[in-house]
Amino acid sequence: MFLQDVVNRGSMPALEKMLAFTQARHQVLAENVANVDTPGYRTQQLDTDAFQASLRKALDRRKATRSPDFKMTSTSQFSQDRAGRLQVTPTLEPTENILFHDGTNIRVEKQMSMMAENAMMHQLMSELMRGKFEGLLKAIRGRM
């Protein structure tokens, strides 16, 4: 119970959700790139802006109520299960009035750019979480 209270305070739940989101988004983007030659394939997406807005609302609500609970507002693309784990459901990316000769709407350059951006965000969240855990480890060991 004590360890759960320590880990679920501060920014740890938000970092955990952001890591789960970037992992899921990376899978969606990789699937889009993998299907570049699949006739009729339509790209899928996970809306980063909507996720971050929901994350911000959850942080604000938690701060205003001074509650340890961290509950994000569900959307059509993501929700939390009973254990608090993030569940994602990608949606089809709207076409930009561009369909290629094979019926796809994949622009590989755009997908690769989004993958690079997503990878940087994942790396940043990993580093922030690692810093939090190193701080906890120092506290447990009694070192400054």
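Colleague: What do the buried residues of H3 pack against?

Modeller: They pack against helix H2 (12-34), strand S2 (78-80) and strand S3 (86-88). Contact means heavy atoms within 4.5 Å. Helices (H or I, at least four residues) and strands (E, at least two) are DSSP runs, numbered from the N terminus. This is a predicted model, in which local features need pLDDT of at least 70 and side-chain atom pairs pLDDT 80 or more, while totals for chains, interfaces and linings use all residues. Residues are numbered from 1 along each chain as its sequence is written, and side-chain values use heavy atoms, without hydrogens or water.

Colleague: Which residues of H3 are buried?

Modeller: Buried means under 20% relative accessible area, exposed over 50%, and partly exposed in between (1.4 Å probe, protein chains only). In H3, the buried set is Thr-48, Phe-51, Ser-54, Leu-55, Ala-58 and Arg-62. They sit on the same side of H3, because they cover an arc of only 135° around the axis. That arc is taken from the directions from the helix axis to the C-beta atoms. The general idea: an α-helix has 3.6 residues a turn, so residues three or four places apart point the same way.

Colleague: Which exposed residues does the face turned away carry?

Modeller: Asp-49, Lys-57, Lys-63 and Ala-64.

Colleague: How many Å should H3 span?

Modeller: Take 1.5 Å times one less than the number of residues. H3 (residues 48-65) has 18 residues and should span 26 Å. Its end C-alpha atoms are 26 Å apart, which agrees.

Colleague: What caps the N-terminal end of H3?

Modeller: Asp-47 does, with a side-chain oxygen 3.2 Å from the backbone nitrogen of Asp-49. After H3 comes Arg-66, whose phi is positive, near 55°.

Colleague: How many aromatic pairs does a search of the whole structure find?

Modeller: Two. Phe-21 and Phe-51 are a stacked pair, because their ring centres are 4.1 Å apart and their planes at 5°. Phe-21 is in helix H2 and Phe-51 in helix H3, so the pair ties together parts 30 residues apart in sequence. The other pair, Phe-51 with Phe-78, is edge-to-face: 5.1 Å centre to centre, 75° between the planes. Phe-78 is in strand S2, 27 residues from Phe-51. For the rule, rings of Phe, Tyr and Trp (its six-membered ring) pair if their centres lie within 6.5 Å; planes under 30 degrees apart are stacked, over 60 edge-to-face, the rest tilted.

Colleague: What do Phe-21, Phe-51 and Phe-78 form?

Modeller: One aromatic cluster. Relative accessibility is 1% for Phe-21, 0% for Phe-51 and 2% for Phe-78. Each counts as buried.

Colleague: In what order do the elements run from the N terminus?

Modeller: α-α-β-α-β-β-β-α. That is four helices and four strands. Buried residues make up 28% of the 144 residues. Among contacts between residues at least 6 apart in sequence, 65% join residues at least 24 apart.

Notes:
A polar contact is a pair of N or O atoms within 3.5 Å; within protein, one must be able to donate a hydrogen and the other to accept it, and residues adjacent in sequence count only if both atoms are side-chain atoms.
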